[in-house]
Amino acid sequence: MRRRSSLPVTFLVPTLAILLVLSMVPTLYAIVIALQNRELSTTGYSWVWFSNFADLFLDRRFLNAVWVSVKWEIVTVVATMVVAIGLGVLMFEVAGPRLRNFYCLLFIIPVLLPRVSAAFVWKFAYHPLYGIATYPYRLITGGLIFDPLSKPGTALFAVASVDVWQWGLFFAVIVLKLLETLPPQPIEAARLDHARRWQIHAYVTLPMLKAPLISLMFVKMIESLRSFDLIYVMTRGGPGVATETLDMYAFSQGFIESGKVSYASAMAVLMMIATVITFTMLWKRVQA
Amino acid sequence: MKSTRLAASLGAAFVLTASVSTAALAQAPVCSAPVKVLAQPRDGLTLLEDSKDEFKKLSGASFQIDYLNENDRRAKSRADASTVGNYNVYYVDEANVALFASSGWIAPLTDYYPAEYDFADFDPGRQKVATYDGKVWFAPLTGGGDLMVYRKDVLEAAGIQPPKTLDELIADVPKLTNADKGVYGIALRGARGSGANVWRWMPFFKAYGGKWFDGDKPAFNSDAAVKATETYLKLFKDSAPGTQTGSWDESTGAFLSGQVAILVESTPLSGMAVDPKTSQVVGKVGFLPPPSPLPGGGYGHGLAIGTKANADDAAKKCAGLFIAWATSKENEKRRLDAHQFGELNRTSVLSSKEFADIYGADLGKALADTGKVTAVNFWQDPRWPDLGDRWGIILEELVTGTRTDIKGGLNELEAYANELVKKK
């Protein structure tokens with residue numbers, strides 16, 4: 001009979017314990033604070049239990065932030081995947097090996113830029129008078145002004161385009177590399193059957209890449225939840241509350257406007273619960 | 001004889017030892033560690049960094065300034081002062097001094113401000129803004145009121161006299177807009193914040209007779225507030241592009257690059273407008289007090305002593321010495337020599353011949369005139385940033401069109417104000 005080794009336990013337990021402490025302590029602390037009425041300007045506090053959560057559902061800015069967050073998540077994830085798959089397939093089909101390497105290098109650069117730097121660069125690019133991104137509009141319309149960051153209908157899309165610029169191009173490189181790893185036989189077989197290029201990708205290559213593409217989508221979904229820095233620099237949640245996502249509103253309540261840290265924590269706790277439930281359901285559905 | 005000599009020798013030794021100790025004590029460094037400062041970018045502070053060695057020689061330690069833009073500085077300093085307290089010196093302003101002082105996050109300045117640095121020399125208006133609950137909390141780095149700065153050439157070409165009343169301003173602004181030529185009648189602030197859009201809106205509110213509170217009862221939900229907001233939104237139709245979600249930087253930037261005919265803004269703009277390094281409209285600019293009955297928005301920013309990072313008196317003295325040195329006459333003179341108009345706060349400098357030689361008599365007169373109409377427009381209470389920022393969001397929504405009901409916005413603000421009052 002084989003003797004059970006204690007080595008895995010010896011190595012795993014301390015690491016898992018540290019991970020548990022690092023993840024659970026802030027989480028539990030956030031939950032505890034969410035049940036109190038702590039504010040930055042006072043040291044005193046009392047237990048208000050679920051009052052912060054109840055107040056949230058009567059707060060029009062919170063409800064707006066939920067809706068903006070959902071829109072942000074859908075727009076950025078869908079657009080990133082469309083850009084990534086479109087560009088990845090295009091590079092695979094059109095570019096030779098040297099050109100592919102050049103494009104890969106070019107497309108990786110945006111994601112290497114710190115988010116805050118990218119946000120500042122694009123904020124200026126969107127300037128209604130001097131911005132390079134608004135220049136074509138001024139040229140076509142004979143000098144009419146277009147200020148995408150101050151229009152409620154366009155602000156979210158303008159900020160989302162920066163997110164897609166960073167991640168869509170980076171994912172395109174990954175999609176290209178995934179396509180290059182596929183065995184050539186199924187593609188050659190499809191060609192012999194006179195399948196068109198788009199049919200080869202729609203019915204052969206992309207279905208073969210289903211698992212890694214879903215993983216990429218999950219990575220992007222998680223990344224999109226953390227777009228606070230981009231939105232903060234470009235619009236601060238404005239115009240009005242048009243780009244105020246949940247994390248932006250929580251920070252605003254906790255540190256910019258009221259110093260209501262408990263109220264902000266309640267939002268963070270709700271976000272955490274909603275994220276865990278949504279991602280678990282999606283993951284199970286994908287695996288089924 | 002021998003004993004007399006011994007006594008004399010001992011006496012001499014004692015005197016020598018005492019003098020050496022006194023000298024050693026006199027030269028004991030005031031600071032034992034570098035002074036950490038959280039501030040927002042100011043030309044005066046950048047200039048100050050050139051003299052780090054001077055402060056090190058004076059105090060025994062250097063200093064380090066971390067810069068964040070105005071809104072970020074407010075958020076970060078509030079978060080830092082209320083929690084970890086990493087900074088010895090905070091940059092505070094008229095809007096948050098009451099909160100910082102009443103929360104015990106900063107110490108009374110004059111307790112630690114060396115007398116030889118002459119605090120009384122600061123402009124009396126700025127001293128007033130730095131005072132809360134009978135105590136002085138910061139030494140001013142900038143401050144003042146509002147001025148109407150206008151383009152003489154644009155107004156002359158349009159055959160319009162500089163407006164002297166608010167009604168004239170409202171009538172003139174649309175006439176001065178010529179979007180095809182890239183010129184706009186005015187530039188306002190649309191970005192949220194008690195120190196941003198609300199700051200520019202408040203003179204209209206006060207001009208129409210508005211007031212914030214009547215005792216503990218909110219009094220701002222009035223015809224004055226509705227009329228002020230309507231006027232603000234009307235003027236915004238002719239405000240330069242980029243200002244709808246912009247603040248001081250965007251509106252002054254638009255003026256200095258020649259896109260704006262009239263701008264009513266805080267006084268530092270006037271110094272920037274006559275400086276070829278910052279302005280493309282030098283020689284084309286006139287100065288007047290704000291059109292009547294708009295009151296100027298009295299304000300002041302400055303440096304205060306943090307309490308958490310300076311746990312004992314010695315640390316507070318070090319921070320006090322840094323603030324005194326940073327705002328000293330000598331450093332203010334350096335700022336005058338560098339033509340940093342907005343960084344001047346001492347009466348001895350503002351009334352000096354050098355000041356008049358650099359900036360001329362017109363600006364001096366406009367500054368003196370606007371001083372008479374400068375007022376404190378905001379609610380002087382620790383809860384002001386909270387209330388002001390809340391109105392800032394609603395006002396930004398109105399400016400950008402995500403909401404249109406002015407009265408609904410004011411009702412929402414009143415409900416919020418009632419909550420704030422209840423919590424007191």
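Chain B has 18 helices and 16 strands, where helices (H or I, at least four residues) and strands (E, at least two) are DSSP runs, numbered from the N terminus. The model is a predicted one, in which local features need pLDDT of at least 70, side-chain atom pairs count only at pLDDT 80 or more, and totals for chains, interfaces and linings use all residues. Residues are numbered from 1 along each chain as its sequence is written, while chains are lettered from A and ligands numbered from 1 in the order in which they are written.

Taken along the principal axes, the C-alpha atoms of chain B fill a box of roughly 100 × 55 × 30 Å. Of its 424 residues, 50% count as buried; a residue is buried if 20 or more other C-beta atoms lie within 10 Å of its own, exposed if 12 or fewer, and partly exposed in between, with C-beta atoms placed from the backbone. Two residues are in contact if their C-beta atoms, placed from the backbone, lie within 7 Å. Among contacts in chain B between residues at least 6 apart in sequence, 75% join residues at least 24 apart.

Chain B is divided into domain 1 (35-144 + 299-351) and domain 2 (146-297 + 370-423), with bounds that come from an automatic or database domain assignment. The C-alpha centres of these two domains of chain B lie 27 Å apart. Across their boundary, 15 residues of domain 1 of chain B are in contact with 19 residues of domain 2 of chain B. On the domain 1 side, helix 4, helix 5 (97-102) and strand 7 (139-144) of chain B are the elements that give two or more residues, and helix 5 of chain B gives the most, with three residues. The residues of this side divide into five nonpolar, eight polar and two charged. In this division Ala, Val, Leu, Ile, Met, Phe, Trp, Tyr, Cys and Pro count as nonpolar, Asp, Glu, Lys and Arg as charged, and the others, Gly among them, as polar.

Helix 11 (residues 248-256) of chain B has as its buried residues B:Glu250, B:Ser251, B:Thr252, B:Ala254, B:Phe255 and B:Leu256. Their cover includes strand 8 (146-151), strand 12 (260-266) and helix 12 (268-273) of chain B. Just after helix 11 of chain B, B:Gly258 takes a positive phi of about 90°.

The contact between the chains takes 23 residues from chain B and 23 residues from chain A. Helix 4 (70-82) and helix 17 (384-400) of chain B each supply at least two residues of the chain B side; the largest share, seven residues, comes from helix 17 of chain B.

Within chain A, helix 1 (residues 7-34) and helix 13 (residues 261-287) pack at an angle of about 125°, with their axes 7 Å apart. Axes are lines fitted to C-alpha atoms, for helices over the stretch in contact, and angles run from 0 to 180 degrees between N-to-C directions. Helix 1 of chain A is therefore oblique to helix 13 of chain A, since angles under 35 degrees count as roughly parallel, over 145 as roughly antiparallel, 65 to 115 as roughly perpendicular and the rest as oblique. The residues of their contact divide into eight nonpolar, two polar and no charged.
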